[in-house]
Amino acid sequence: MKKFFLLSLIPFLLSLLVGCGNQIETVPPLPGTLPNILTAPEKTDTDIYFDATVSMKGFTTLAAGNVYITLPDLLGDLCGAAGEVKFYSFGEQIHELDGRSYRQFTAPEVYNEAITAVANVVDRADTSHLSIIVTDLFESDSDWSNVTQKLRDKFFANHLSVAVIGIKNSFHGEIFDVGLNAAHFNYNSADNPDKFRPFYLLIMGRDDFVKNFLRKFSERQNLPNDTGYLLLSENLTETASDFSNFELGEVENFYSDNTLGLDNRVKEFGLDKFSEAASFMLNWKYEPPLGACPLDLSEVETAIEIFSFEGEEWTPLEKNDVRVSLLKDDRQSENFLVKVSLTPEKSLAEGKLNFVRIKVMPKEKGYKLPLWVEHWSVNVDGAAKNFDGSKTVNLTRILGSLKDSIFATSRPALMNINFAVTP
C-alpha cells in the first residue's frame with residue numbers, strides 16, 4: 001500500500017517540485033522550496049561609472065603612490081575579459097562614453113561636475129549586469145540615506161549583493177563640504193602613504209558576479225597601497241552552505257532516500273519510526289569570502305519553517321521542536337559539527353510529505369564591519385576641527401547603514417539546511 005501511494009504520487013511531485021531537468025529553480029518558488037536562484041552565466045556585461053566631480057580631481061595630480069590613474073585601464077581589461085564593458089561619467093547627470101574615451105579619467109581637467117548624485121547611478125544600474133561606481137563616497141546634500149534606501153530596495157531586497165573596495169591613493173586637491181558649515185580644504189598627501197586619501201569602488205550585482213570581481217581585482221592589485229574590502233551578501237560563505245556541499249555524518253532514525261530526485265541542495269530522508277526522536281549530523285567548514293564581515297559564531301539564530309504537502313498545495317505547520325546545535329571542531333578552528341534534531345510526531349504531519357527549511361544566521365551584534373572601516377573613518381563637528389584628509393567623513397555611518405540594511409532586508413545566512421521527509 002505504501003509503495004502504491006508513493007508511485008502514484010511521484011509523477012505529480014516531480015512536475016511540481018523538480019520541473020524540467022530535475023532543477024527546482026526552473027519553476028516558481030513554492031512554500032517550503034528553495035528560492036528561485038539563477039545561475040550566473042560565464043559572461044558578464046559590466047557598467048562602470050566614474051564620479052567626475054571636482055572632489056575627485058586631486059586623485060589624478062600626483063605621480064607617487066597613484067593607483068587611481070591606472071584604474072580605467074585595469075577595469076577595462078579586467079571586466080572586458082568577462083563580457084561587454086561600458087563606461088560612464090556622472091555628476092548630477094550620467095553620460096555614456098564612446099570608444100576608449102574612458103581613459104580621460106586619468107586627466108585632472110575632466111573633473112568639473114559640481115553635484116554628486118550616486119543615487120541617480122543606482123537608479124540607472126541594470127541588475128542583470130555588474131555595476132561599478134568609482135567615487136569618494138561623497139553625496140551632495142550628505143544624502144547617503146537616500147542611496148542606502150535605493151540599494152536596499154533594488155539590490156538587497158532582490159537577493160543581490162553589494163561590495164566596497166577602498167584604496168588609499170596620493171591626493172593633492174580640494175576636499176569640499178566638510179562639516180555642518182560645508183567647509184572646504186586644500187589637502188596634499190605628497191608621497192607619504194600615511195597621508196594618502198581613500199577612493200572607493202562600489203560594486204553591485206548578482207552574488208557570483210560580485211564575489212568573482214573581488215577575487216580577480218585582489219589578484220591584479222599588486223601595488224602596496226592600503227586596500228580594504230567589504231562584502232554585503234546574504235550568503236556569508238565562499239561556496240554554498242547547503243546539502244550540495246555538506247558532509248553528512250551520524251544519522252538517527254532517518255535514512256537517506258532518493259524517491260523524488262530533488263535538487264542536490266535538498267536532502268531527502270525517510271523515517272524508520274514516526275514516534276521516535278530523529279537527528280542527523282553535518283560536518284561544515286566555515287569559509288568566509290573576501291571582504292566578509294567578521295562574525296561571532298559562538299551564538300547563532302535559526303529560522304525554521306515546516307510544510308506538509310496535502311492535495312495540491314503546501315500547508316505550513318505552526319509548531320515544531322526542531323533544534324539546531326553548532327559545535328566547533330577542536331581539531332580545526334574553521335570546522336564545525338552541526339546537529340539537527342526533532343521529534344517527528346511533534347514537528348511533522350504523519351503520513352504526508354514534509355519539507356523542513358532551516359536558516360542558520362549570525363545575531364545582529366555578531367555581524368560587524370571590518371576593522372579597516374573604522375580606521376578610515378573620521379567624524380567632524382560643525383566647525384570641522386578634527387578633519388583628517390587621509391580619512392573619509394562618516395565612513396562608518398555610511399557603510400554601517402548598508403550593513404544594517406542587508407541584515408534587516410534579507411538576513412544573511414551561514415547555512416541553509418533544507419530537507420524533505422517522505423511518508
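Buried residues are those under 20% relative accessible area, exposed residues those over 50%, and partly exposed residues those in between, computed with a 1.4 Å probe on protein chains only. The structure is a predicted model, in which local features need pLDDT of at least 70 and side-chain atom pairs count only at pLDDT 80 or more, while totals for chains, interfaces and linings use all residues. Residues are numbered from 1 along each chain as its sequence is written, and side-chain values use heavy atoms, with hydrogens and water left out.

**Figure 1. Overview of the protein chain.** The protein chain has 8 helices and 21 strands; these are DSSP runs numbered from the N terminus, with helices (H or I) of at least four residues and strands (E) of at least two. Of its 423 residues, 50% count as buried. Among contacts (heavy atoms within 4.5 Å) between residues at least 6 apart in sequence, 75% join residues at least 24 apart.

**Figure 2. The aromatic pair Phe59 and Phe199.** Rings of Phe, Tyr and Trp (its six-membered ring) pair if their centres lie within 6.5 Å; planes under 30 degrees apart count as stacked, over 60 as edge-to-face and the rest as tilted. By this rule the count comes to 27 aromatic pairs. The ring centres of Phe59 and Phe199 are 5.6 Å apart and the planes stand at 70°, so this pair is edge-to-face. Phe59 belongs to the loop between strand S1 (46-51) and helix H2 (71-80), and Phe199 to strand S8 (residues 197-205), so the pair ties together parts that are 140 residues apart in sequence. Phe59 is buried, at a relative accessible area of 0%, and for Phe199, also buried, the value is 0%. One aromatic cluster is formed by Phe50, Phe59, Tyr68, Phe87, Tyr102, Phe105, Tyr111, Phe171, Tyr187 and Phe199.

**Figure 3. Charged ends over the rings of Phe171 and Trp376.** A charge sits over a ring if NZ of Lys or CZ of Arg is within 6 Å of the ring centre and within 35 degrees of the ring normal. The charged end of Arg197 sits over the ring of Phe171, at 5.7 Å from its centre. For Lys168, the charged end sits over the ring of Trp376, 4.8 Å from the ring centre.

**Figure 4. Strands S1 and S2, strand S3 and helix H2.** Two strands pair if DSSP finds at least two bridges between them. S1 and strand S2 (residues 85-90) pair in the parallel sense over 6 bridges, with Thr46 opposite Val85 in S2. The chain crosses from S1 through H2 to S2 in a right-handed β-α-β crossover; right-handed means that, with the strands pointing away from the viewer, the path from the first strand over the helix to the second runs clockwise. S2 and strand S3 (residues 94-96) run antiparallel and are joined by 3 bridges, with Phe90 opposite Ile94 in S3. A hairpin connects S2 to S3 through 3 residues. In H2, 7 of the 10 residues are buried, so the helix is largely enclosed by the rest of the structure. The buried residues of H2 are Leu71, Pro72, Leu74, Leu75, Gly76, Leu78 and Cys79, and they pack against S1, S2, strand S4 (130-135), S8 and helix H5 (207-220).

**Figure 5. The largest nonpolar core.** A nonpolar core is a set of buried Ala, Val, Leu, Ile, Met, Phe, Trp, Tyr and Cys residues joined through side-chain atoms within 4.5 Å. The largest such core holds 64 residues, of which Phe254, Phe280, Trp284, Leu399, Ile417 and Phe419 touch the most other members. Helix H8 (residues 395-410) supplies the largest share of this core, 6 residues. Apart from this core lies another, of 38 residues, among them Leu78, Val134, Phe217 and Leu231. Beyond its neighbours within four places in sequence, Phe419 is in contact with residues including Phe243, Phe254, Phe269, Phe280 and Phe355.

**Figure 6. Loop residues Asn253, Arg265 and Asn394.** Most residues other than glycine have a negative phi. Asn253, in the loop between strand S10 (247-252) and S11, has a positive phi near 65° and is buried at 9% relative accessibility. Asn394, in the loop between strand S20 (392-393) and H8, has a positive phi near 60° and is buried, with a relative accessible area of 17%. Not counting residues up to four places away in sequence, Asn394 touches Ser377, Val378 and Asn379. Arg265 is found in the loop between strand S11 (254-256) and strand S12 (266-271), and is buried at a relative accessible area of 11%. Arg265 and Asp242 are 5.6 Å apart in space, C-alpha to C-alpha, and 23 residues apart in sequence.
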